[in-house]
Amino acid sequence: ALKEAQLQAQTKIELQAVALSIGLKKRGVGWPSCCPPKGTKPDIIAAILKFQKANPPLPSNTAPLPLATAQSTARLDQTTERPRPEISDAVMDELTTGVLTTALISGTANFTSFDLPKFPYTLAMGSEWTHASNIQASLTCLNLSNNFLVLLPDCIGGLQSLIDLDVSHNRLVSLPHSLFSLSKLEALNISHNNLELLGRQISQLSSLKQLNVHHNPLKELPHTIGQLKQLVDLGLGHLPEVKKLPPSLGLLKPTLKSLWFRGTNNFENVPAQLLMNPQAVLEELVKQLPRNPSVMD
């Protein structure tokens with residue numbers, strides 16, 4: 001039987017694989033049901049320990065459970081950043097199908113903290129589940145935060161009912177052009193990634209109200225960000241590579257309610273002492289707007 005310390009050392013998705021392999025998780029049964037109350041990592045650990053106690057332990061000559069390996073338990077002594085985990089197609093299919101089944105009812109697909117190495121997929125449809133008509137009609141919130149994603153597929157643009165997209169705390173190096181076609185999107189969190197470029201197509205997200213780009217190695221912010229007329233909350237946070245704030249941000253002064261920074265930023269066109277006062281920042285940028293509006297196009 002696996003000890004609690006061994007289970008604590010594994011990722012959530014590894015724990016889910018263990019739950020599947022020992023028969024705790026049944027196909028068609030949601031994680032909150034088999035690992036109450038919410039199917040979180042602590043809930044899964046508690047459920048596995050309870051299941052093991054209620055069932056005879058494996059004989060000593062039985063092969064170890066999938067993913068419950070010395071490599072997994074060795075994490076207790078690791079101090080370096082964990083490598084991207086490997087996930088079998090069967091496990092990915094089970095996870096994705098379960099989350100999407102719940103999403104058809106709730107409108108929310110929550111893949112947060114699953115340690116996914118790639119965009120979720122099913123055996124039947126791959127990542128093209130985003131084009132399924134029932135998903136497109138019902139999915140309004142997609143949470144992919146705290147995973148290991150490097151890229152998002154173009155098919156994410158098929159989720160035209162999406163209102164809230166959270167891909168924070170991943171390893172994204174770029175955003176697909178199709179993402180900017182999500183005309184109903186109101187909240188986008190891309191913080192804590194490896195993005196060096198935020199495309200000028202950001203202005204196409206005409207419904208966007210909340211945008212968080214904190215903690216990315218962005219080289220600059222596109223001037224088209226000033227065309228987000230519905231934006232009320234903008235998190236720029238810590239952007240040490242950005243040398244100047246686009247004056248077009250000043251165009252958002254009438255609607256922007258929250259503009260926040262973190263850490264040390266050295267913008268050449270905005271004095272550091274103003275960064276504690278968002279309205280003062282916007283007023284300073286308004287002064288820098290070109291007199292000819294066509295320059296901003």
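# Salt bridge, core and buried polar residues

The structure, a predicted model, holds one salt bridge.

Me: Is K219 buried, partly exposed or exposed, and what is its relative accessibility?
Reply: Buried means under 20% relative accessible area and exposed means over 50%, with partly exposed in between. K219 therefore counts as partly exposed, at 44%.

Me: How does E241 count, and at what relative accessibility?
Reply: The limits of 20% and 50% apply here too. E241 falls between them and so counts as partly exposed, at 35%.

Me: What is the nearest side chain of opposite charge to D43, and how far away is it?
Reply: D43 is found in helix α4 and is buried. A salt bridge needs a nitrogen of Lys or Arg within 4 Å of a carboxyl oxygen of Asp or Glu. D43 has no salt bridge; the side chain in question is K38, at 7.5 Å.

Me: With which side chain does the side chain of D43 make a polar contact?
Reply: The side chain of D43 also reaches the backbone nitrogen of G39, at 3.2 Å. Leaving aside neighbours within four places in sequence, D43 is in contact with C35, P36, P37 and K38. The polar contact between side chains is at 3.0 Å, and the partner is T40.

Me: What is the relative accessible area of Q16?
Reply: Q16 is found in helix α2. Beyond four places in sequence, Q16 is in contact with W31, I44, L95 and F114. Buried means under 20% relative accessible area, and Q16 is therefore buried, with a value of 0%.

Me: What distance separates the C-alpha atoms of Q16 and C35?
Reply: These residues are 19 apart along the chain. Their C-alpha atoms are separated by 9.9 Å.

Me: Which element gives the most residues to the largest nonpolar core?
Reply: This core has 77 residues, and those with the most contacts inside it are L152, L179, L188, L236 and L245. The elements that give two or more residues include α2 (12-21), α4 (41-54), β6 (233-237) and α8 (278-287). The one that gives the most, with six residues, is α6.

Me: Which residues is L188 in contact with, leaving aside its neighbours within four places in sequence?
Reply: L188 is among the residues with the most contacts inside the largest nonpolar core. Its partners beyond four places in sequence are L165, L179, I202, L205, L208, Q210, L211 and N212.

Me: Against which element do the buried residues of α8 pack?
Reply: The buried residues of α8 are A280, V281, L282 and L285. They pack against β7.

Me: Over which residues does pLDDT stay under 50?
Reply: The mean pLDDT of the protein is 86, and 87% of its residues reach 70 or more. Where pLDDT is low, the predicted coordinates should not be read in detail. The stretch under 50, for which the model has 25 contacts beyond four places in sequence, is residues 58-80.

Notes: Residues numbered from 1 in each chain as written. Predicted model: local features only at pLDDT ≥ 70, side-chain atom pairs only at ≥ 80, totals over all residues. Heavy atoms only, no water. Core = buried A, V, L, I, M, F, W, Y, C linked by side-chain atoms within 4.5 Å. Buried < 20%, exposed > 50% of the residue type's maximum accessible area, 1.4 Å probe, protein only. Helix = DSSP H or I, 4+ residues; strand = E, 2+ residues; numbered from the N terminus. Contact = heavy atoms within 4.5 Å. pLDDT = per-residue confidence, 0-100. Lys, Arg positive; Asp, Glu negative; His and termini not counted. Polar contact = N/O pair within 3.5 Å; in protein donor to acceptor, adjacent residues only side chain to side chain.
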